[in-house]
Amino acid sequence: MMDWSALTLSLQLAVMTTLLLLPLAVMLARPLAWVNFPGKGLIDALVTLPLLLPPTVLGFYLLGVFAPQGALGQAWLTLTGRSLVFSFDGLLLASLLVNIPFAVQPVQRAFEAIPREAREAAWCCGLSSWQTLWRVELPLAWPGLASAMVLTFVHTLGEFGVVLMVGGNLDGATRTLSIAIYDRVQAFDDSAAARMSLLLVLIAFVAVGSLHFLTRKVGRRGN
Amino acid sequence: METDVTGGALEVELRQQTPIPLDCAFDCAPGELVALVGPSGSGKTTVLRCIAGLHRAQQGAIRCNGATWFDGQLSLPPQQRRVGFVFQNYSLLPHLSALDNVMLALGDVPPAERAATARNWLARVHLQGLDDRRPAQLSGGQQQRIALARALARAAGGGVLLMDEPFSAVDQVTRRKLREELARLRQELSIPIVLVTHDLDEARQLADRMVVLHRGQALQTGTPEDVLLRPVSPAVARLVGLSNLFAGTVGMDSGKPCLEWAGRRLAIAVPPGDTAAHDSCHHAPGSVVNWVIPPEGVLLHRPDRPSAGDAENPVTGTIIEALRMGSFTQLTLSIPGEPQPLVFQASSHTIMRNDLGPGRAASVTLLAGRIHLMPGD
């Protein structure tokens with residue numbers, strides 16, 4: 001049978017990760033796309049790092065930092081009274097970190113593609129930096145933002161290694177759909193695993209399909 | 001609804017060593033069009049970007065309509081300067097319609113009036129009925145009209161209009177039309193206009209004054225006629241592509257200054273009231289000078305029918321090239337004792353009738369009044 005609480009948790013995690021990460025990605029990607037500053041190469045490398053590390057390795061390190069004895073875990077505990085390990089808070093934080101490359105890179109490419117003159121024209125028209133961001137940069141970078149959102153969303157739904165390391169497998173608290181699938185397979189409940197796997201495939205398919213639809217609509221608008 | 005386009009003068013003075021050297025100063029009165037000309041890399045665009053606030057020079061001052069935009073320390077951002085900027089590649093925002101692109105520049109017009117004001121500007125550049133089109137659905141000429149309307153909408157009321165090679169990306173027919181349009185539109189504008197161009201024809205047709213830039217330095221500022229007929233130095237003459245640039249010495253001939261050149265003595269004259277040309281006579285006898293004569297100042301003698309005017313500065317040489325260009329033929333004449341050839345034009349009809357071609361000798365008159373002397377380099 002379908003693990004509905006795992007599905008709800010997965011969707012909740014994916015939506016929150018996407019919504020929280022997008023503004024962060026814009027803030028990080030803009031200077032990376034346009035400004036040359038010392039240490040830019042290092043930041044570029046750090047942004048890509050989560051993509052290159054094995055998820056279990058990343059999860060292992062995060063577990064160390066998130067643990068009540070760890071620097072971050074301790075601070076979070078004193079601040080909120082909640083634990084970062086085996087909790088939704090920790091899962092969300094881990095998910096945000098893991099998805100940085102998926103969110104930042106498409107946004108960075110999109111900002112790089114905006115011609116300098118487009119922004120300069122906006123400034124000369126009297127638009128402040130903030131107005132230029134909303135009325136010029138974000139609309140022009142929209143295809144990149146859309147693919148960042150879809151990639152982050154789908155990737156969060158499917159993340160397994162980091163989630164298992166940091167969150168464990170607590171029903172209703174940290175058991176996401178991909179962990180529930182693993183759980184069902186372990187219990188020889190192949191039909192439930194198959195149903196949930198199919199659901200993940202469908203969600204991913206719809207997400208990628210809507211990305212095509214969104215960006216094509218923008219493309220048509222531009223022609 | 002007519003929008004009043006008036007403003008005060010623009011004063012520019014810029015100095016810097018890096019990233020490219022700048023050393024120039026000029027002003028532009030309301031209603032005046034100043035063209036910045038020079039080869040690529042001469043700093044024309046950088047000067048324009050400094051005025052717009054898109055580049056900050058190390059030293060200098062920029063004032064417009066009584067307000068200080070830049071004084072070496074203070075530098076207002078582009079948003080706080082009233083600058084209508086027409087970029088080389090239009091720089092319309094591709095996601096906005098023609099009307100929205102113009103409305104973008106109308107941030108300080110009450111929202112209810114923006115659409116009407118923007119339509120008015122589009123009408124003034126003769127672009128109507130295309131309000132909802134996006135840039136990609138419009139031709140290059142149409143896009144440049146929108147860019148011009150947007151820049152005017154911003155510059156109106158105390159600003160400046162800056163144009164960076166505005167017609168270079170469109171085809172020749174469109175370019176000619178847009179130039180005419182700008183010349184017409186100019187009569188209604190009383191704001192300073194600064195045009196960057198490498199096209200001297202464009203500068204001559206549109207500009208009240210030209211600033212010749214070379215490596216960031218303003219070598220000469222003057223009317224197109226001044227610059228093209230009376231360059232202050234051989235460097236300017238070369239930069240504006242003048243043919244017939246020679247070296248000579250100032251001499252005296254029966255108490256009057258003359259020009260000694262390639263073993264000849266040429267009479268030089270000062271047309272009455274022409275003070276700029278008068279300066280050329282201040283060169284003391286014996287000083288080495290450069291001199292130019294425009295092709296129009298060289299008259300071909302007709303071997304079949306000598307005339308009285310032939311006595312003025314006659315020069316004989318050998319034709320090395322006769323290039324037919326429609327009804328006129330451009331002749332290149334090799335003069336004994338002068339390494340540089342003399343270039344001038346004559347009617348193709350005359351050339352044919354007298355069977356003039358490469359290898360044939362030809363005599364010409366160098367009109368004394370068209371000879372312009374400069375300090376030698």
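Let's start where the two chains meet: 17 residues of chain A and 19 residues of chain B make up the contact, where two residues count as touching if their C-beta atoms, placed from the backbone, lie within 7 Å. This is a predicted model, in which local features need pLDDT of at least 70 and side-chain atom pairs count only at pLDDT 80 or more, while totals for chains, interfaces and linings use all residues. Residues are numbered from 1 along each chain as its sequence is written, and chains are lettered from A and ligands numbered from 1 in the order in which they are written.

On the side of chain A that touches chain B, helix 7 (116-124), helix 8 (129-158) and helix 11 (190-222) of chain A each give two or more residues. Helices (H or I, at least four residues) and strands (E, at least two) are DSSP runs, numbered from the N terminus. Helix 7 of chain A provides the largest share, seven residues.

Now turn to chain B. In helix 1 (residues 44-52) of chain B, eight of the nine residues are buried, meaning that 20 or more other C-beta atoms, placed from the backbone, lie within 10 Å of a residue's own. Among them are Val47(B), Leu48(B) and Ile51(B). Just after this helix, Gly53(B) has a positive phi of about 90°.

Chain B also holds an open antiparallel sheet of five strands, in the order 13-12-11-14-20; strands pair if DSSP finds at least two bridges between them. Strand 13 (264-267) and strand 20 (372-375) of chain B are at the edges with a single partner strand each, so one side of each has no neighbour in the sheet. Strands 11 and 12 of chain B are joined by five bridges, and Gly251(B) has Cys258(B) as its bridge partner.

Definitions and conventions. Buried ≥ 20, exposed ≤ 12 C-beta atoms within 10 Å, placed from the backbone.
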